[in-house]
Amino acid sequence: MYYSTRPTIYALSTHLARSAIGIIRISGSMSSHIYTKLTQSQPPKPRLATVKTLRSSKGKVLDEALVLYFKGPASYTGEDLLELHVHGGVAIIQAVLKAIKGLHDPSQGIHIRYAENGEFSQRAFINGRFDLTEIEGIREMIDAETETQRIAALSSLSGDTKQLFAGWRNHILNNVALLTTVIDFGEDHDIEEVNELFQTVNDNIIQLESQISQYLNKVRRSEVLLKGIKTILLGPPNAGKSSILNILANNESAIVSEIAGTTRDIIDVPIDIQGYKVVIGDTAGIRTTTKEDQIEIEGIKRAKLKSFASDLVIIVLPVNDDKMVDYNDLFEHISTLKLENKEILVILNKMDLIDVDKKSKQQLLDKFSKRLEIDQSKFHLISCINGSGMESLTNSMVHSFKTISLSESTDPIIVSSRIQDLLENDVLQGFQQFYHWKDQDDVVLACESLKQSIEGIGKITGEAVGVEEILGVVFSSFCIGK
Ligand SMILES: Nc1nc2c(c(=O)[nH]1)N(C=O)[C@@H](CNc1ccc(C(=O)N[C@@H](CCC(=O)O)C(=O)O)cc1)CN2
Ligand SMILES: Nc1nc2c(ncn2[C@@H]2O[C@H](COP(=O)(O)OP(=O)(O)OP(=O)(O)O)[C@@H](O)[C@H]2O)c(=O)[nH]1
């Protein structure tokens, strides 16, 4: 019954903007009271959708709404919960919110207030509906903008992450138990037995450490999916970089929520290419400059810096322009870019302008591939005017994205940086201390070190003592009404 002492919270869970439906969520012991006041009737059967007229305290009609009542603990929050699906007009929503607010009456012990960010999910956590990995999965799911991000968030949302960590926790616990037998009944064991046991635990922990490190590695590689794969278009002026960017952005869905700021000479355009979030930078051309031309030098410097920080570098060269482009100079520039360990694609653009048969295509490829020292499989012959070669280019880009994010063989995973930090600093750190005390032959402190690792996992899932400080971190990034 302790939850009944909490105030009842309410919030608009959808946006306050003209739309078909707006959903107001109410959670807490006063949910049924609010229902009765708004509809002048007793709450309906739980989980049964009902259409009701909502009225103000003065009896004025506010709206016809679809209402859903959940009786705790069988609800999202674990408390009594009411959902009002009203018509999505701004004035309607505001009128209903106002009517709910008006029911707050401390003199009658009726405590109702607007919810804080993530407070519904926080209640769900407090009432044991979800652990923190699942809660963070819910947030990642809401934040997902692309198909790959959605898939990456699933492992947390579905409880797989929770299970994985529970498995690790159990494994460490078992090893702590093994060590504890030695501590408690040490005199019953001979030295050799103790050493053998200590060694077994040591081997187990080494194995688990490697599992956790591999997991962290995968998370780090997956992270690129969340932030967007940084791709840069490099090439001489007029090569067609902007044209290619435009085609990519128009063919694929632009991620509108994030139209990037334009710098003087590099623009970052976030686009969704076959489910991958990609941030494409269009640079000022790498060009031959006279020493005096400081602005151009600065532009080139930035392009170089940017390519260094990119995951995928796409070099764009026009095929028609032997006279216009000083290729020697260009290749010189490109060779200074340190591209050895990067994913690279080369585009030979403006194919529509030259007359080529199969043989001369091969000559083109031979020539450029040799001079750039880049494998021919990385080359694409395209035309922005007639669109030839674009499909094969996008396919190659997706192939590179998979290599970059390691998402070819297994689904990517996303976990919060909070979880990553705890794994690194608490769990793995505990293992390091364990090894240290093992070297010192100190069973007691070695065992304590493993308990620190267990506590680390407890902080991740939210089972640890002193959990309040953790909650602030997790819930502050949620939207209201979630
Ligand atoms: N209208 C609406 N749509 C929504 C949500 C919601 O809360 N309301 N959700 C919010 O995230 C998601 C669905 N997730 C949910 C998870 C659990 C429960 C829930 O009430 N669980 C109870 C009752 C189960 C049942 O009726 O069978 C339980 O598990 O005991 C509701 C939604 C997405 N769509
Ligand atoms: N014929 C033909 N013209 C193209 C093709 N791609 C681009 N162009 C033209 O080439 C010119 C330069 O294209 P942009 O896309 O602005 O080239 P850019 O590399 O961004 O140029 P800078 O901004 O100067 O670095 C434009 O007039 C385009 O219409 C192509 O495949 N075929």
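Which residues surround ligand 1? The views below start there, in a predicted model.

**View 1. The shell around ligand 1.** Arg-25, Arg-47, Phe-70, Ala-74, Ser-75, Tyr-76, Glu-83, His-85, Arg-129 and Lys-482 surround ligand 1. Sort this shell by class and you get five charged, three nonpolar and two polar residues.

**View 2. Polar contacts of ligand 1.** Look for oxygen atoms of the ligand and the N or O atoms of the protein beside them. In the side chain of Arg-25, an N or O atom is 2.7 Å from an oxygen atom of ligand 1. Arg-129 also takes part: one of its polar side-chain atoms lies 2.6 Å from a ligand oxygen atom. Tyr-76 uses its backbone instead, with an N or O atom 3.2 Å from an oxygen atom of ligand 1. Ligand 1 taken alone exposes 670 Å², and the protein buries 52% of that area.

View 3. Strand β12 spans residues 343-349. Seven of its seven residues are buried. One side carries Glu-343, Leu-345, Ile-347 and Asn-349.

**View 4. The neighbours of β12.** Strand β11, residues 312-318, runs parallel to β12, and seven bridges join the two. Strand β13, residues 379-381, also runs parallel to β12, joined to it by three bridges. Follow Ile-347 in β12 to see both pairings. Val-316 stands opposite Ile-347. His-380 in β13 stands opposite Ile-347 too.

**View 5. Gln-420 in helix α13.** Helix α13 covers residues 417-439 and includes Gln-420. Is Gln-420 buried or exposed? Gln-420 counts as buried because its relative accessibility is 6%, under the 20% cut-off. Its side chain reaches the backbone oxygen of Val-415 at 3.2 Å. Leaving aside residues up to four places away in sequence, Gln-420 touches Leu-216, Val-219, Arg-220, Glu-223 and Val-415.

**View 6. The whole protein, for orientation.** Step back from the close-ups. The protein has 15 helices and 13 strands. It has 482 residues, and 47% of them count as buried. The protein exposes about 24100 Å², with carbon and sulfur atoms supplying 51% of that area. Now take contacts between residues at least 6 apart in sequence: 69% of them join residues at least 24 apart.

How values were computed
Residues are numbered from 1 along each chain as its sequence is written. Chains are lettered from A and ligands numbered from 1 in the order in which they are written. This is a predicted model: local features need pLDDT of at least 70, side-chain atom pairs count only at pLDDT 80 or more; totals for chains, interfaces and linings use all residues. Side-chain values use heavy atoms; hydrogens and water are left out. Helices (H or I, at least four residues) and strands (E, at least two) are DSSP runs, numbered from the N terminus. Buried means under 20% relative accessible area, exposed over 50%, partly exposed in between (1.4 Å probe, protein chains only). A polar contact is a pair of N or O atoms within 3.5 Å; within protein, one must be able to donate a hydrogen and the other to accept it, and residues adjacent in sequence count only if both atoms are side-chain atoms. Contact means heavy atoms within 4.5 Å. A residue is near a molecule or strand if one of its heavy atoms lies within 4 Å of it. Accessible areas come from the Shrake-Rupley method with a 1.4 Å probe; for residues, only the protein chains shown count as cover. Ala, Val, Leu, Ile, Met, Phe, Trp, Tyr, Cys and Pro count as nonpolar, Asp, Glu, Lys and Arg as charged, and the others, Gly among them, as polar. Two strands pair if DSSP finds at least two bridges between them.
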